[in-house]
Amino acid sequence: MDSNLTKPSLRIATWNIERPTLNGWKRNPRIAERIREIDADVWILTETNASIIPTSSRFPQVGYVSLASLPTKDLFHKLGESCTTIWSRYGIKQAIETFEANTAVCAEIDTPIGRMIVYGTILTYANDTGPNGKSKKWVEHRKAIADHRKDWADIAAAFPRHSLCIAGDFNTSFCDNYYAAEINRSDLLAVLEMLGMKNLTAEVQRNIDHIAVTQTLVKGCTVSVTIWNEDKQLSDHIGICVEMAPITT
C-alpha cells in the first residue's frame with residue numbers, strides 16, 4: 001500500500017490479535033513486525049496486550065499514544081490484557097467516556113484529513129450466554145448492538161463537527177455467511193445508515209473485523225484496503241487496514 005507522503009492521507013487499521021501474553025517470545029515479535037510493516041497511523045487492536053506496542057517503518061522516530069479499555073473485574077483477563085486499545089501516531093486530544101469501559105474505548109484525534117472521533121470495541125461473540133448463562137445464540141450480540149447504538153449516537157451528537165470512525169471486532173461478516181446472524185447484521189447496517197456512516201471493509205470475505213467512517217469523509221477521498229494474516233498463523237482473525245487520501249483537483 002504505497003502513499004505519496006507529500007499529500008495528506010490517513011491509515012486506520014484494526015486487528016484482533018487473539019490474546020498474546022506479556023512474555024509471548026515466539027508470537028509477539030512476529031505480530032509486532034507485521035504491525036510495523038502495515039504502518040497504520042491509527043490502530044484499533046482487540047484482544048490485545050500491553051506487550052504489543054506499534055512502531056512505524058515510515059516514521060521510526062515517531063511514537064504512538066495509546067488508550068486502553070479497563071481490565072475486566074473477573075478472572076478472564078491475564079496481566080497486561082485489554083479488550084481494546086487505540087494507538088495513535090497523532091496523539092490523543094482527549095479520552096471520551098463509553099458505556100462499557102471494559103470493552104469500548106473512544107478518543108478524539110486530530111488527523112491530517114480532519115478532526116476525528118475514533119471508537120474501538122468488540123461486539124460480543126455468537127455463543128455468549130450472558131450474565132445468567134441462559135441466553136441463546138446471538139442474543140447477547142444483538143443486545144450489544146443496541147447498547148453501542150445509543151453510545152455511538154450520543155457521541156456523534158456531542159461532536160457534530162468531527163468525523164466518526166467505529167472499528168474493531170464486530171463479530172459479523174457482511175458480504176457472506178462466514179459468521180453472522182441476518183437480523184443482527186440488518187441491525188448493524190441500520191445503525192450505520194442512521195449515523196451516516198460507510199463500512200469500508202464490508203466487501204472483504206470471511207472477515208468480521210471492520211472499519212466504518214462518516215460517509216461525507218469518504219466521498220472526498222480515495223480509499224484502498226489492505227488485508228493480512230489470511231493464513232491465520234498469527235491470530236485467528238485477519239488484519240485489515242484502510243487508507244484514505246483526499247481527492248485533489
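Colleague: In strand 8, which residue is the bridge partner of threonine 121?

Modeller: This is a predicted model, in which local features need pLDDT of at least 70 and side-chain atom pairs count only at pLDDT 80 or more, while totals for chains, interfaces and linings use all residues. Residues are numbered from 1 along each chain as its sequence is written, and side-chain values use heavy atoms, with hydrogens and water left out. Strands (E, at least two residues) and helices (H or I, at least four) are DSSP runs, numbered from the N terminus. In strand 8, the bridge partner of threonine 121 is glycine 168.

Colleague: How many bridges join strand 7 to strand 8?

Modeller: Strands of a sheet pair through backbone hydrogen bonds, either parallel or antiparallel. Two strands count as paired if DSSP finds at least two bridges between them. Strand 7 (residues 114–122) and strand 8 (residues 163–169) run parallel, and the number of bridges joining them is 7.

Colleague: Which strands stand at the edges of the open sheet?

Modeller: The open sheet has 6 strands with mixed pairing, in the order 5-6-7-8-10-9.

Colleague: At what angle does helix 2 run to strand 7?

Modeller: Axes are lines fitted to C-alpha atoms, for helices over the stretch in contact (heavy atoms within 4.5 Å). Angles run from 0 to 180 degrees between N-to-C directions. Helix 2 lies across strand 6 (105–111), strand 7 and strand 8, and its angle to strand 7 is about 165 degrees.

Colleague: How far apart are the end C-alpha atoms of helix 3?

Modeller: The expected span is 1.5 Å times one less than the number of residues. Helix 3 has 13 residues (182–194) and should therefore span 18 Å. The distance between its end C-alpha atoms agrees: 18 Å.

Colleague: Within what arc do the buried residues of helix 3 fall?

Modeller: Buried means under 20% relative accessible area, exposed over 50%, and partly exposed in between (1.4 Å probe, protein chains only). Asn184, Arg185, Leu188, Val191 and Leu192 of helix 3 are buried, while Glu182 and Glu193 on its other side are exposed. The arc is that of the directions from the helix axis to the C-beta atoms. The buried residues of helix 3 line one face, because they fall within an arc of 120 degrees.

Colleague: Which residue just after helix 1 takes a positive phi?

Modeller: Helix 1 (residues 28–38) has Asn28, Ile31, Ile35 and Ile38 buried. They fall within an arc of 90 degrees, so they line one face of the helix. Just after helix 1, a positive phi of about 60 degrees is taken by aspartate 39.

Colleague: How far is the nearest cysteine sulfur from that of cysteine 83?

Modeller: A disulfide is a pair of cysteine sulfur atoms within 2.5 Å, and a search of the whole structure finds 0. Cysteine 83 is in no disulfide, and the nearest cysteine sulfur, that of cysteine 106, lies at 16 Å.
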